[in-house]
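Okay, thanks for coming, everyone. Let me put the model up and then walk you through the helix packing, the rings and a few loop residues.

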Amino acid sequence: MRRAYEDAELLDLVRRYVTPDRRYLKLGGSLLRLEGPEYDRFARALVEDAGLITSDELAVLLEGGWRERRTAAWLIAVSGRTEFRERLGDLLLASEVCCAGLAYCVALATFGTPHDADLLADYLDRYLRRPDLAYNQLVAMGALLYLDLNLGADHASRFLVPDGLWHQWLQGAPGGAPRDPATFLSLIRRLCAFVDDCAELRPSG
């Protein structure tokens, strides 16, 4: 993992794309609290930077810590750079850092293909077998349900059957995890709607 305090290239990218206006803190559920002019300003700035950052620079951010990876995943989602699909799937599965998994799930949900659903299912296959770990199982399930609705598919049902992996994980999950997958489907839907709003702001041509 690259660290900004000892990596001049990464530090420059952090200063340009991650920390302005504490962006990395707002990319996630906090987006849902933005309203009116603040929402518009944030979305326009994100769209502008998503158009400016190069693929090589995004790859560098994805080698950093959670702040860099979270921001990169959102910039990837907003710019629709599906060439990062496999990389985001690998990062989600590896779960090397905290606080970035939701961003990976949102990006995969916005890409919207059966392969994105497969990447989310791979994650759930591994981590629903780990009731000792409360990682990104909840938001990954929300993203998978979101894709199922959009694709007219049924990738999630095998996890949700009675006594299936979802229920087994919940029984042993730490911290009294919420039990209703619809809660996380709603979260993913609202965050993907933000990405859709950003898409409307992207310059045409």
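**Helix packing, rings and loops**

So, helix 3 and helix 5 pack with their axes 9 Å apart, at an angle of about 85°. That makes the two helices roughly perpendicular (65 to 115 degrees; under 35 would be roughly parallel, over 145 roughly antiparallel, and the rest oblique). On the helix 3 side the contact uses Leu46, Val47, Asp49 and Ala50, and on the helix 5 side Leu75, Val78 and Ser79, where contact means heavy atoms within 4.5 Å. Sorted by class, that contact has 5 nonpolar, 1 polar and 1 charged residues. For the classes, Ala, Val, Leu, Ile, Met, Phe, Trp, Tyr, Cys and Pro are nonpolar, Asp, Glu, Lys and Arg are charged, and the others, Gly among them, are polar. The axes are lines fitted to C-alpha atoms, for helices over the stretch in contact, with angles from 0 to 180 degrees between N-to-C directions.

Before I go on, the housekeeping: this is a predicted model, with local features needing pLDDT of at least 70 and side-chain atom pairs counted only at pLDDT 80 or more, while totals for chains, interfaces and linings use all residues. Residues are numbered from 1 along each chain as its sequence is written, and side-chain values use heavy atoms, with hydrogens and water left out. Helices are DSSP runs (H or I, at least four residues), numbered from the N terminus.

Back to helix 3, residues 36–52. Its 17 residues reach 25 Å from first C-alpha to last, close to the expected 24 Å, which is 1.5 Å times one less than the number of residues. Its buried residues are Tyr39, Phe42, Ala43, Leu46, Val47, Asp49 and Ala50 (buried is under 20% relative accessible area, exposed over 50%, partly exposed in between, with a 1.4 Å probe and protein chains only). Those buried residues pack against helix 1, helix 2, helix 5 and helix 12.

Now the rings. How many aromatic pairs does a search of the whole structure find? It finds 7, pairing rings of Phe, Tyr and Trp (its six-membered ring) with centres within 6.5 Å; planes under 30 degrees apart are stacked, over 60 edge-to-face, the rest tilted. Phe42 and Phe194 are a tilted pair, at 6.3 Å centre to centre and 45° between planes. Phe42 sits in helix 3 and Phe194 in helix 12, so this pair ties together parts 152 residues apart in sequence. Both of these Phe residues are buried. Tyr39, Phe42, Trp74 and Phe194 form one aromatic cluster.

Helix 12 also meets helix 9 (residues 137–151): their axes come within 7 Å and cross at roughly 70°. So helix 9 and helix 12 are roughly perpendicular too. The residues of that contact divide into 13 nonpolar, 1 polar and 1 charged.

Last, the loops. Val97 lies between helix 6 and helix 7 and is buried at 19% relative accessibility. Beyond its neighbours within four places in sequence, Val97 touches Met1, Trp66, Arg69 and Tyr104. Cys99 lies in that loop between helix 6 and helix 7 as well; its phi is near 70°. Most residues other than glycine have a negative phi. Arg22, in the loop between helix 1 and helix 2, also has a positive phi, about 50°. Buried or exposed, then, for Arg22? Exposed, with a relative accessible area of 52%, whereas Cys99 is partly exposed at 39%.
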